[in-house]
Amino acid sequence: MREIISISAIVIAFFYFLAFGSAVFMALENEMHWVLALFAMAWIIILRLWPLLPVLAVIGAVNVWGWVWYDGVALALPVSIYVVSYYWTRVTDYFRRPKQKQGV
């Protein structure tokens, strides 16, 4: 039974990220040529501009696919939770870092 649950979770996650990536790509492709959209998506990932991904997913779901706004937000919510927790951890770790001793 555990194997069925694990495999189904992997399949659900695969289709979710396929839909999320498609929404991001369609939002970019709606504004530019598909080759430029592919490069823009690659540069968003390379430059670690993670907060843009959920925003573009909502734009792609609402403007391109014609979803209602709260369906677009529901599509972007899991990645938004990950992005917010990632940056929250980095900021709090930065402020909790011990002070460097000068001259030692």
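**Exercise 1. Which helix gives the most to the nonpolar patch?**

Solution. The model is predicted.
- Start with the members. Met-32, Trp-34, Val-35, Leu-36, Leu-38, Phe-39, Trp-43, Ile-46, Leu-47, Leu-49 and Leu-52 form this patch on the surface.
- Together they have about 1,100 Å² of accessible area.
- Now assign helices. Helix α2 covers residues 34–46 and gives the most, with seven residues.

**Exercise 2. Classify Ile-46: buried or exposed?**

Solution. 
- Locate the residue. Ile-46 is found in helix α2 and is one of the patch residues.
- Take its relative accessible area, 56%.
- Apply the cut-off: exposed means over 50%. Ile-46 is therefore exposed, at 56%.

**Exercise 3. Describe how helix α1 and helix α3 cross.**

Solution. 
- Two packed helices are described by the angle between their axes and the distance between the axes.
- Distance: the axes of α1 (residues 2–31) and α3 (residues 52–64) come within 7 Å.
- Angle: they cross at roughly 75°. So α1 is roughly perpendicular to α3, since 65 to 115 degrees counts as such.
- Contacts: the α1 side includes Phe-20, Val-24 and Leu-28. They belong to a set that meets α3 residues, among them Leu-53, Leu-56, Ile-59 and Val-64.

**Exercise 4. What is the phi of Arg-48, and where does Arg-48 lie?**

Solution. 
- Recall the background. Most residues other than glycine have a negative phi.
- Check the residue. Arg-48 is not a glycine, yet its phi is positive, about 60°.
- Arg-48 lies in the loop between α2 and α3.
- Arg-48 is partly exposed, with a relative accessible area of 49%.

Note on methods. Residues numbered from 1 in each chain as written. Predicted model: local features only at pLDDT ≥ 70, side-chain atom pairs only at ≥ 80, totals over all residues. Heavy atoms only, no water. Patch = residues over 30% accessible without salt bridge, like charges linked within 9 Å, V, L, I, M, F, W, Y side chains within 5 Å. Areas by Shrake-Rupley, 256 points an atom, 1.4 Å probe, with all protein chains shown as cover. Salt bridge = Lys/Arg side-chain N within 4 Å of Asp/Glu carboxyl O. Helix = DSSP H or I, 4+ residues; strand = E, 2+ residues; numbered from the N terminus. Buried < 20%, exposed > 50% of the residue type's maximum accessible area, 1.4 Å probe, protein only. Axes fitted to C-alpha atoms, helices over the stretch in contact; angles between N-to-C directions. Parallel < 35°, antiparallel > 145°, perpendicular 65-115°, else oblique. Contact = heavy atoms within 4.5 Å.
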